[in-house]
Amino acid sequence: MSLVRAERRRFHKRRVTKVMLLVGVLLLGVIATGMWFSNHKVSDATRARAAAEAQRNYEEQQRFWDNVGRADCERAAKERSVDPAQMCIGPRPEDFRAEYYMPSSYDFKNNFRDMAMLWAVIMAFVGLIVGASYVGAEWSSGGMMNLLTWQPRRMRVLGTKLLIAVGAMAAWSALVYLVWIGIQWGIGTYRGTTAGMTSGTWQSFGLVGLRGLGLVVAGTAFGFVLASLGRRTAVAMGVLIALIVVTQFGLTLVLFAARVRYPTLYFVGSHMSAWMQGKTTLFDETSCDYSMGMCEPKQFDLTWQMSGAVFGAGLLLLVAAAMWQIRQRDVV
Amino acid sequence: MAAVLEIRGLHKTYRGAFGRERKALDGFDMLVEAGEVHGFLGPNGSGKTTTLRTLLGLIRPDAGEMTVLGRTVPQNLPDIVAEIGAIVESPQFFPHFSARDTLSLLADAGDVAQQRVDEVLELVGLRDRARDKVRTFSLGMKQRLAVASALLRTPRLLILDEPANGLDPGGIREMRDLMRALAANGMTVILSSHILGEVEQICDSVTIISRGRRVTAGSVAQVLAANSTAQTRVRTEHPAQLATAAGFLIQAGATVDTQADQLLVTGPLKPADITRVLAVRDVYVSELTAVTADLESVFLQLTETAPVAGQARQVDESVVVAPEVPA
């Protein structure tokens with residue numbers, strides 16, 4: 001327990017931990033501020049104004065159509081030998097709905113999942129940097145060597161550090177999530193609507209939050225393990241950049257060129273989306289020959305359970321490699 | 001006296017890229033008795049730090065046996081680590097933590113009472129800088145902090161690698177006094193240092209290592225005596241008489257090394273005999289001194305690392321002794 005206490009203190013004393021948590025909170029704050037100013041409460045008067053604006057626009061377009069548009073269109077149809085009745089339809093009232101003229105309004109029930117995704121991605125990124133720096137700086141500053149002369153059980157030391165990093169990041173992220181829900185609720189109340197919330201919706205938000213915490217844990221552990229394997233923070237950052245460049249850009253070219261089925265299945269983003277949204281639908285464009293006309297490509301539902309298994313297996317493998325390495329490799 | 005540390009036949013080879021190998025330890029032996037201050041000496045790259053890191057479980061040896069405080073290491077290191085305090089090579093701390101935080105975190109990790117942190121800060125003279133960040137510390141101050149961290153657990157065995165590095169003259173003396181006081185209280189201290197004058201003053205015994213093998217070991221007095229040449233330095237009233245005096249002494253059976261301003265006399269003649277031999281021939285001695293070897297000259301002689309004019313000695317150019325045959 002003493003090692004846990006020491007590592008918990010060390011984690012929270014670190015400047016990178018404080019700064020990155022602050023950066024994460026500030027980013028969410030900027031997003032919330034933007035949402036506050038770009039959304040508006042919809043009242044009966046707003047709806048009436050929007051309906052009037054829609055009607056005015058429709059009439060304006062209709063006038064233009066009657067005066068100039070119809071004649072031009074019929075002439076063009078004639079030139080192309082097309083039936084004017086099919087080609088020259090003119091403005092339709094259903095294209096001028098009142099909601100198209102309403103100011104943006106935040107619907108808490110329907111939009112919060114996207115906001116939860118944003119929270120999870122930001123906190124996972126913060127976790128990745130904090131996790132990598134927490135162990136990477138220890139290795140490069142010699143602090144790890146010092147600690148190992150006090151606690152020679154290497155795997156226990158690394159395991160404790162990993163648990164502290166993911167545990168603390170999960171705890172902080174959970175706290176931020178609760179505040180984030182409160183802020184979003186406030187924006188919904190004053191700049192949109194919170195209508196339609198049921199206990200089932202709240203439960204669903206809870207599950208989204210739990211999956212978001214899973215993403216934070218995965219991000220933190222990923223950064224930690226990479227920095228531990230490379231014994232430098234920079235290694236984790238380098239691998240991250242390489243992953244983005246090689247897999248997400250290079251892989252895109254290769255997979256599409258090779259006409260691989262469901263190429264987006266190999267992208268981290270697809271799995272993150274499936275994990276957070278519950279599922280994401282992938283399309284197999286290779287199943288279609290568009291030269292033969294319209295085609296509905298084959299679909300594949302990537303579920304959060306599948307993506308969870310992929311993330312879990314990858315992390316397990318990396319953690320096992322880091323544990324094996326610290327047990328075997330000399331500390332010089 | 002019981003052995004606090006015993007190393008037998010320690011081997012360690014570093015393997016680099018492309019199969020390159022470098023033997024850091026090649027059958028190294030070492031013995032340190034309880035309650036003594038033991039000097040661990042050797043040229044750069046001779047294997048000192050590898051030995052200390054291996055003892056502390058940071059490096060895995062290829063072969064050999066190590067016993068610390070009566071327990072085999074590294075297997076039993078977790079059981080005895082609380083009784084070992086160590087600083088290995090240059091002091092390394094997280095630069096953005098204060099001295100107190102650094103020690104306090106170590107104390108937490110090792111189940112040491114926080115009150116001990118203030119005690120050791122006082123002991124190493126950092127009481128008034130305890131709240132300052134380590135990055136503002138000079139090398140000497142970091143060194144003091146490192147010693148403080150090693151003393152935090154009141155160890156039975158203290159391992160110090162170059163503790164006087166960067167210390168001011170007052171700090172060196174304080175460190176010397178501290179080590180004497182610790183040894184007087186029953187602590188065993190292993191001191192690796194290149195400041196041989198200090199080692200000679202502080203240490204009861206020494207081990208000298210070169211190219212991963214033990215060159216010599218024993219009490220400081222024994223090592224000095226075993227490697228002294230029993231020479232007598234002779235200077236005459238008139239330097240012009242040195243050549244004549246050398247001739248008389250050789251006639252009397254001595255071996256004489258004639259230098260520009262002195263003679264170094266070895267052989268059966270005692271100082272009184274030298275005075276008599278020369279005085280009866282009207283050559284009068286102005287200085288007659290027994291040349292005693294110091295640890296530095298013994299070290300340079302044994303490790304064959306004495307500088308040679310016009311030659312730049314490379315690291316690893318030191319003596320290779322024959323492997324010791326197990327008793």
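A nonpolar core is a set of buried Ala, Val, Leu, Ile, Met, Phe, Trp, Tyr and Cys residues joined through side-chain atoms within 4.5 Å; buried means under 20% relative accessible area, exposed over 50%, and partly exposed in between, with a 1.4 Å probe and protein chains only. This is a predicted model, in which local features need pLDDT of at least 70 and side-chain atom pairs count only at pLDDT 80 or more, while totals for chains, interfaces and linings use all residues. Residues are numbered from 1 along each chain as its sequence is written, chains are lettered from A and ligands numbered from 1 in the order in which they are written, and side-chain values use heavy atoms, with hydrogens and water left out.

The largest nonpolar core has 91 residues, and F112(A), W119(A) and I159(B) touch the most other members. Helix α5 of chain A, residues 108-141, gives the largest share of this core with 17 residues. Helices (H or I, at least four residues) and strands (E, at least two) are DSSP runs, numbered from the N terminus. A second, separate core holds 55 residues, including V189(B), V199(B), V215(B) and V298(B). In soluble globular proteins, nonpolar side chains tend to be buried together.

Neighbours within four places in sequence aside, W119(A) is in contact (heavy atoms within 4.5 Å) with L28(A), S173(A), V176(A), Y177(A), W180(A), G209(A), G212(A) and L213(A).

Chain A as a whole has eleven helices and four strands. Of its 332 residues, 42% are buried. The C-alpha trace of chain A spans about 90 × 50 × 35 Å along its principal axes. Its radius of gyration is 27 Å, whereas a compact globule of 332 residues would have one near 20 Å; the radius is taken over C-alpha atoms, and the globule rule is 2.2 Å times the number of residues to the power 0.38.

Some backbone details remain. Most residues other than glycine have a negative phi, and most peptide bonds are trans. R231(A), not a glycine, has a positive phi near 55°. R231(A) sits in the loop between α8 (199-230) and α9 (233-257) of chain A and is buried, at 7% relative accessible area. D111(B) also is not a glycine and has a positive phi of about 55°. Its place is the loop between α3 (99-109) and α4 (115-123) of chain B, and D111(B) is exposed at 61% relative accessibility. In chain B, V73(B) and P74(B) are joined by a cis peptide bond with omega about 10°; P74(B) lies in the loop between β5 (71-73) and α2 (77-80).
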